[in-house]
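Hello,

Please find the structure we discussed below. My notes on it come after.

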Amino acid sequence: MPRRAARLVLLLAFIGLAGCATVEGPPQRQSAGQKLDPWENWNRKVFSFNEGLDEHVLKPVATAYQKVVPSFIRTAIHNFFSNAEDGWSAVNHLLQGKGQSGFEMLVRFNTNTVLGFGGLLDIASEAGLERQPEDFGQTLGRWGFGAGAYIVWPVLGPSSVRDSLALPLDRSATPAVVFKDYADELGILSVQLVDTRANLLGASRVIDDIALDKYSFVRDGYLARRRSLVYDGSPPEREAVDDADRDAPAHAEAASAASAPASAASR
């Protein structure tokens, strides 16, 4: 049981980690993010917990990793994990009916796997095959599933009902699943977590500098970014009262990116 618990914590950590404040009452006009946040009081408590975890554990480890490990090694490690995600992205492109982009991602994955020594080298990008990330949460969105309520998970960070349902399949794309030995699996998951957090150090600093209410900033940025991703950057117009994009901060993409690490550090 302890092993299963540790494994679950690490698996959850890759979705993104975000990280107190109390709401004295709704403003006269709620933001789109608030309309999708019926559990805001609880979410803020979890956000605060994640922030503490990131401040005292994850961020110091990631900072040390960035300072000690040579850049070319960090790049190879990041390429390796990104290549595994590319394979899963190819599957999701195809599930969404995007035949051309799915084929391109499949070629990218095979190229880097074969010619890039298992993905350590990003040969495909040099050849002009750029990454087009997709996950199962986006696939569900393309199939017509709404985002649902906003949720902040312990360790895991910001999510939604839809993205939470997609999480088990999305996490199955990690290279750790091919290892049968628990110690090896735990080691791979730990390295992937540190790599994720290290690559988001800059984004988290942006939020620390500009956000008056960090929780709202991350929430609105996450929801706007996820909606944009579902529609490939061109979400359909709808009433402003329901539009999560219009009330999102100008730095929504940075907020969404840093939200993953804020509780472990968030993608």
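This is a predicted model: local features need pLDDT of at least 70, side-chain atom pairs count only at pLDDT 80 or more; totals for chains, interfaces and linings use all residues.

Residues are numbered from 1 along each chain as its sequence is written, and side-chain values use heavy atoms, with hydrogens and water left out.

Helix pair

Helices (H or I, at least four residues) and strands (E, at least two) are DSSP runs, numbered from the N terminus. Helix H4 spans residues 71-95 and helix H5 spans residues 99-114; their axes come within 8 Å and cross at roughly 160°. Axes here are lines fitted to C-alpha atoms, for helices over the stretch in contact, with angles running from 0 to 180 degrees between N-to-C directions. H4 and H5 are therefore roughly antiparallel to each other (angles over 145 degrees count as such). The crossing of H4 past H5 is left-handed, that is, the near helix is turned anticlockwise from the far one by less than a right angle.

On the H4 side, the residues in contact (heavy atoms within 4.5 Å) are Asn83, Asp86, Gly87, Ser89, Ala90, His93 and Leu94. They meet Gly99, Ser101, Gly102, Met105, Leu106, Arg108, Phe109, Asn112 and Thr113 in H5. By class, the contact of H4 with H5 has five nonpolar, nine polar and two charged residues. Ala, Val, Leu, Ile, Met, Phe, Trp, Tyr, Cys and Pro count as nonpolar, Asp, Glu, Lys and Arg as charged, and the others, Gly among them, as polar.

Asn83, in helix H4, is buried at 3% relative accessible area. Buried means under 20%, exposed over 50% and partly exposed in between, with a 1.4 Å probe and protein chains only. Leaving aside residues up to four places away in sequence, Asn83 touches Arg108, Phe109, Asn112, Thr113, Gly118 and Gly119.

Salt bridges

There are 16 salt bridges in the structure, each a side-chain nitrogen of Lys or Arg within 4 Å of a carboxyl oxygen of Asp or Glu. One of them joins Arg131 and Asp86, at 2.7 Å from N to O. This pair links distant parts of the chain, 45 residues apart: Arg131 is in the loop between helix H6 (123-126) and helix H7 (136-142), and Asp86 is in helix H4. Asp86 is buried at 1%, whereas Arg131 is partly exposed at 30%.

Another pairs Arg108 with Asp122, with the closest N and O atoms 3.3 Å apart. Arg108 lies in helix H5 and Asp122 in the loop between H5 and H6, so the pair ties together parts 14 residues apart in sequence. Arg108 is buried, at 2%, and Asp122 is partly exposed, at 23%.

Asp163 forms a salt bridge with Arg226 at 3.0 Å between the closest N and O atoms. Asp163 is in helix H8 (residues 161-171) and Arg226 in helix H11, so this bridge ties together parts 63 residues apart in sequence. Both Asp163 and Arg226 are buried.

Backbone angles

Most residues other than glycine have a negative phi. Val155 has a positive phi, near 70°, and is found in the loop between strand S1 (150-153) and strand S2 (157-160). Val155 is buried, at 14%. Asp232 has a positive phi near 55° and lies in the loop between helix H11 (214-230) and helix H12 (252-263). At 45%, Asp232 is partly exposed.

Regards

Terms used. Angles under 35 degrees count as roughly parallel, over 145 as roughly antiparallel, 65 to 115 as roughly perpendicular and the rest as oblique.
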